[in-house]
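Subject: Structure handover and notes

Hello,

Here is the structure I promised to pass on to you, and my notes follow below it. Please keep it open beside you while you read.

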Amino acid sequence: MGIFEPFRAIGYTTSPVPFSVQRLGTEAFVTVSVGKAFQIYNCAKLTLVLVGPQLPKKIRALASYRDYTFAAYGTDIAVFKRSHQVATWSNHNAKVNLLLLFGEHILSADIDGNLYIWGFKGIDENLEPVGHIKLDENFTPSCIMHPDTYLNKVIIGSQEGSLQLWNISTKKKLYEFKGWKSSICSCVSSPALDVVAIGCADGKVHVHNIRYDEEIVTFTHSTRGAVTALSFSTDGQPLLASGGSSGVISIWNLEKRRLQSVIKEAHDGSVLSLHFFVNEPVLLSSSSDNSIKMWIFDTSDGVARLLRFRSGHSAPPQSIRFYANGRHILSAGQDRAFRLFSIIQDHQSRELSQRHITKRAKKLRVKEEEIKLKPVIAFDCAEIRERDWCNVVTCHMDTAQAYVWRLQNFVLGEHILKPRPENPTPVKACAISACGNFAILGTAGGWIERFNLQSGSSRGSYVDPLERSGSAHEGEVVGIACDSTNTHMISAGYHGDIKVWDFKGRGVPSRWEVGSSVVRIVFNRLNGLLAVAADDLIIRLFDVVASRMVRKFEGHTDRITDMCFSEDGKWLLSSSMDGSLRVWDVILARQIDALHVDVSVTALSLSPNMDILATSHVDQNGVYLWVNQSMFSGASKVGSYASGKQVVSVKLPSVSSTKGSEAEDIDEPVGNSAQIEDSLPTLVLQIPDLVTLSSYPKSQWQSLINLDVIKERNKPIEPPKKPEKAPFFLPSVPSLSGEIMFKPTGSTNEEAKGGEESSRIKGALAPSVFLQVLQSSAEMKNFSEFTDFIKTLSPSSLDMELRILQIVGDEDEEEPEKLVPIELLLDYFIHETACRNNFDFVQAVIRVFLKIHGETIRRQSRLQDKASKLLDVQQNTWQRVDKMFQSARCMVTFLSNSQF
């Protein structure tokens, strides 16, 4: 159990597994795999509607039918009804790589040539396959499909190049097609009877008549690679779409038997799946580049255009940063993309535009990859000037200039920052001042220059007169940082020299040597501490104002990849290539927690609220989120939930936020986790000097207050009319509880009258459940049970219970027993108001109570004393809360009227 627990992974759209499309009513849904889990998108707008749970192994094949999803992982097949796993099929002894929905059955094929037939109707009762077919020894299945109108028959393609037609009912091979001396990668049935399309590894598409075993037409891809996906159009146009391993989608006209159009660079990776929607000119495609795209054929020349898409990084991100108060994450990847991920809503994630990349690529007849900016190696952002001008600056690999971005419009800015244009060297470090007006850049040649972000013009350079090269540092500038008041600027050179500059005067008031090559620096503007990671695997903390080292942290055994401070400056987080992520307490000068993951962390960022940690990892295209469980537990000491010096082995978070990524403490016995949980104190819900509101819906207690208005509004305009022929009803007696009590049919009217009189006497003598719970709670001096009871009552029922206690007429104190329930209710209100629990609900009940029994309290002296006590408690409670409200209002007013 550590400070940070796995939460979930974001940025994953699809993995290299073909998708499954199904139609439910008028809507279409696509199921895709994302590693060990699956996701379901609504094809109308490609919105994410469901995320499946984590499986033990990566998914290898998918199939779907209505609410059921079938996922093959390893040698097993998991069956899900929506997101709940209902069965596991485990008859295969080899890895399953093919699944096919076949009526009310699922066909599964493994790499050893075993074909199993499963029935999913009544799946809870029977987990055994319906049938089994053993394919030939020299026949490795690579694709499977069902030709239309061929009852109980499937065609199976092989890596050896041949096809076989099987009857799964009789389990007999009916025919074998010789093939085309090339591995078969995909096959699909056409709208025309007896016609199928087969894609081969040599880049050819064969349209074949399986009834006569005759070839109709053959198409050849212009690009190298296998034909990995095929789909026929069903909207009346004679089109066949084929996708290749090069990422190109070709559209073939079957009537003219020629190529109609080509979607060049449709994907950056191999096309995995293609699907034409029924009776729609829309094509859905997925690829190994972590993207799903929809193409529409609505142009006059028949060329497809991109309709909508969902995508993530196609290469691992190498720099991440929280933005917008922790709601978004900026991510720069090796795929030359600069992205913004939302941790709340998936459809808000997007790639920042690099201004007309597609149009420029078509005009210059080059690939989009060649026009895109090179991968980002470092960036900085400032939210304070987001609405005014560009607020993000990026440094790119082997690029002698930096670029600015405007996040308000999600687009690349107009200005390009070029430090030292007469002797350009690649920009290696960047920083934005706290005011958001300036960007400072450091180059590989040791040059540091300041730019104005609004105009993009240079505002001077920082030159150290002691350097012979006439620059800021002798070697490469590793990092740059600015303080919160634009007083100092800190820079670090590769050779271990740290310099503190006068931000405006550009002098060097102080400097010091680390003693080893610097890898990375991080500065915290709140406490003025600078964290420096060096090649000797030691993290040193320097006080910039005092110019001396104040802390030294050791523990990493490999190169340190990233560091970040918590917002309050009390924690320092660091990651290393040794797979560890360590949390250091700056005040206590010690390690308080350490995690170890199988895949090394390359970048990390802690949200401003310190509730979520984001990490990126080697060879992983997503961003992984970890929740700070100390923010949500009642532990008062760090030691109660942190691991200290001990390193805890933890699995990476899964795509789904369900409990699938659990900590595995190798050195610690399992029983210790229970001891730690027992040692945690319970979370106190009541905060001192504040009131706690109830979880009661606002509409309920507001209806209780305005019940008279609601009844008047709902009052019928005309009295009910008696129907001519009334239907037969069982005679019933209404009750306050809402239960219907049927009257027994008596032999005479006298017996009926006697029964009514006895029921009236019993109803008058027996107290209601309302009074019974109230009296028992008053005796125990604990009114929580009574509060829970009246919360279950409807507003009209509660109002009726309060009105039953009303004393009508000028009654004296001769019958004091009638005043007891009112006294108990006053005691209840005094107790709850003093405890400050369920404040909003209790206030609503008090208002209705005083409205009904106010006159009785005014006449009875014994009730006036309790009422005055309730008034004192009410005033004291509200005055404390109102005082804090007033302080907050004054502070907000002061800040809103101040000009900074």
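I begin with H473, which is buried, with a relative accessible area of 0%; buried here means under 20% relative accessible area, exposed means over 50%, and partly exposed lies in between, with a 1.4 Å probe and protein chains only. Before going further, please note that this is a predicted model, in which local features need a pLDDT of at least 70 and side-chain atom pairs count only at pLDDT 80 or more, while totals for chains, interfaces and linings use all residues. Residues are numbered from 1 along each chain as its sequence is written, and side-chain values use heavy atoms, with hydrogens and water left out.

H473 sits in the loop between β41 (458–462) and β42 (477–482); helices (H or I, at least four residues) and strands (E, at least two) are DSSP runs, numbered from the N terminus. Its side chain makes a polar contact of 2.7 Å with the side chain of S491, and another, of 2.8 Å, with the side chain of D497. A polar contact is a pair of N or O atoms within 3.5 Å, where within protein one must be able to donate a hydrogen and the other to accept it, and residues adjacent in sequence count only if both atoms are side-chain atoms. Not counting residues up to four places away in sequence, H473 also touches others, including G445, I448 and K499, where contact means heavy atoms within 4.5 Å.

V427 and M397 are 30 residues apart in sequence, and their C-alpha atoms are 8.0 Å apart in space.

In another loop, between β32 (338–342) and β33 (350–351), you will find S349. A polar atom of the S349 side chain lies 3.0 Å from the backbone nitrogen of S342, and, beyond its neighbours within four places in sequence, S349 is in contact with L340, F341 and S342.

Two residues deserve a look for their backbone angles. Most residues other than glycine have a negative phi. The phi of N152, however, is positive, near 60°; N152 is in the loop between β14 (141–145) and β15 (153–158) and is partly exposed, with a relative accessible area of 28%. The phi of K781 is also positive, near 55°; K781 is in the loop between α7 (769–780) and α8 (784–792), and at 68% relative accessibility it counts as exposed.

For the chain as a whole, there are twelve helices and 60 strands, and 49% of the 900 residues count as buried.

Finally, a word on confidence, which pLDDT gives for each residue on a scale from 0 to 100. The chain averages a pLDDT of 85, and 89% of the residues score at least 70. Over residues 659–684, however, pLDDT stays under 50, and the model has 28 contacts for them beyond four places in sequence. Residues 745–765 also have a pLDDT below 50, with two contacts beyond near neighbours in sequence. Where pLDDT is low, the predicted coordinates should not be read in detail.

Best wishes

Methods
pLDDT = per-residue confidence, 0-100.
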